[in-house]
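Q: Can we go through the inside of this one together? I'd like to start with the holes and then move on to the packing.

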Amino acid sequence: MESSSPPVPFPQLQAPVESTYRACTIPYRFPSDNPRKASPVEIQWIDLFLKSVPSFKQRAENDPTVPDAPAKAEKFAQRYTSILEEFKKNPESHGGPPDCILLCRLRELILRELGFNDIFKKVKDEENAKAMSLFEGVVRRNDEIEDNEKRAENLIRGILAGNIFDLGSAQLAEVFAKDGMSFLASCQNLLSRPWVIDDLDAFKNKWTKKSWEKAVIFVDNSGADIILGILPFARELLRCGTKVILAANDMPSINDVTYLELVEIINKLKDENGKLAGVDVSDLLVANSGNDLPVIDLSSVSPELAYMANDADLVVLEGMGRGIETNLYAQMKCDSIKVGMVKHPEVAQFLGGRLYDCVFKFNEA
């Protein structure tokens with residue numbers, strides 16, 4: 001349910017939010033750039049969004065809930081392509097200059113105006129069912145690791161491996177359509193450390209010395225990402241006595257999990273005693289973040305989430321959209337983790353890393 005109250009800044013952002021917080025990580029333009037001419041970085045990112053139009057169009061064509069879906073999908077592709085091309089000619093058009101939030105928002109607006117509310121629903125349902133069948137095996141393997149630091153590393157590797165399931169990336173959407181993805185193979189095939197941003201050792205050290213009171217985790221994709229990556233990590237935090245809030249999108253966007261879908265997933269995963277593979281979940285809450293995009297502006301979250309997060313001492317932003325393309329440099333009042341896989345060449349180039357490199361940024365308060 002959408003909140004009737006206006007959005008508010010996330011309470012763990014360093015104040016004053018207006019001057020210290022900028023959602024988008026990668027600057028598309030600088031003050032010295034001509035405001036009427038698209039900058040080289042703007043063009044690069046507009047092209048990236050253009051490349052993804054065919055895969056979105058294909059999903060929309062096959063949406064069984066929309067009458068005349070193929071004709072409307074064609075309309076979406078034409079309309080969004082024409083906006084992107086206009087940005088190249090005049091970056092101040094359509095509420096520009098463009099950044100990753102605006103480019104995502106315009107795509108979602110056009111889809112929704114044409115009646116496409118959840119074009120990835122079928123693939124989300126399929127991937128959730130697959131991942132749920134693997135959940136117990138994944139947590140059992142984690143539980144078998146006796147060494148605390150090694151278990152923590154295994155859980156983080158699981159988050160990174162799960163984060164591959166991202167159909168917002170044109171290349172991955174293609175790979176996925178051909179082969180599907182194996183979670184275990186992904187865990188084993190992560191690029192070798194050190195990663196492009198790698199604070200894993202500092203985190204493991206803290207993990208063995210401290211348990212947090214309350215963690216807020218901004219979640220990303222459906223399927224392996226949420227079920228085999230985030231939920232085993234959340235379960236381990238619960239086992240250590242941490243209260244956990246999973247903040248998920250209000251509305252569907254790409255293959256990101258919504259808060260209603262997440263409530264349903266957790267209910268299905270509970271055992272006959274209402275536990276998550278033997279762990280009590282009375283301190284696990286799912287919150288509506290108030291967001292409807294695959295990226296997030298933390299200066300604008302739901303009042304419900306803000307209230308619940310007021311006394312959090314750990315904030316986790318997971319996934320490329322929320323933890324890398326936005327919020328990588330967001331400063332928090334408490335400990336924070338930004339974790340995700342680099343799935344766009346443009347992001348790899350900006351960070352000075354490799355495609356499919358990993359980001360694990362841990363900052364202590």
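Q: Which residues line the largest cavity?
A: Phe-56, Glu-108, Leu-111, Phe-116, Asn-117, Asp-118, Ile-119, Phe-120, Pro-252, Ser-253 and Ile-254. A cavity here is a set of points, on a 1 Å grid over the protein atoms alone, where a 1.4 Å probe fits but cannot get out, and lining residues have an atom within 4 Å of a point. Bear in mind that this is a predicted model: local features need pLDDT of at least 70, side-chain atom pairs count only at pLDDT 80 or more, and totals for chains, interfaces and linings use all residues. Residues are numbered from 1 along each chain as its sequence is written, and side-chain values use heavy atoms, with hydrogens and water left out.

Q: What volume does that cavity have?
A: About 70 Å³, counted as the space filled by probe spheres set on the points.

Q: What lines the second largest cavity?
A: Cys-24, Thr-25, Ile-26, Tyr-28, Trp-45, Cys-100 and Glu-325, around a volume of about 40 Å³.

Q: OK, packing now. Which residues touch the most other members of the largest nonpolar core?
A: Phe-10, Phe-218 and Leu-298, out of 68 residues. Such a core is a set of buried Ala, Val, Leu, Ile, Met, Phe, Trp, Tyr and Cys residues joined through side-chain atoms within 4.5 Å, buried being under 20% relative accessible area with a 1.4 Å probe, protein chains only.

Q: And what else is there apart from that core?
A: Another core, of 54 residues, including Trp-212 and Leu-284.

Key. Buried means under 20% relative accessible area, exposed over 50%, partly exposed in between (1.4 Å probe, protein chains only). On a 1 Å grid over the protein atoms alone, a cavity is a set of points where a 1.4 Å probe fits but cannot get out, and a pocket is an open set with protein on both sides within 12 Å along at least five of seven lines; lining residues have an atom within 4 Å of a point.
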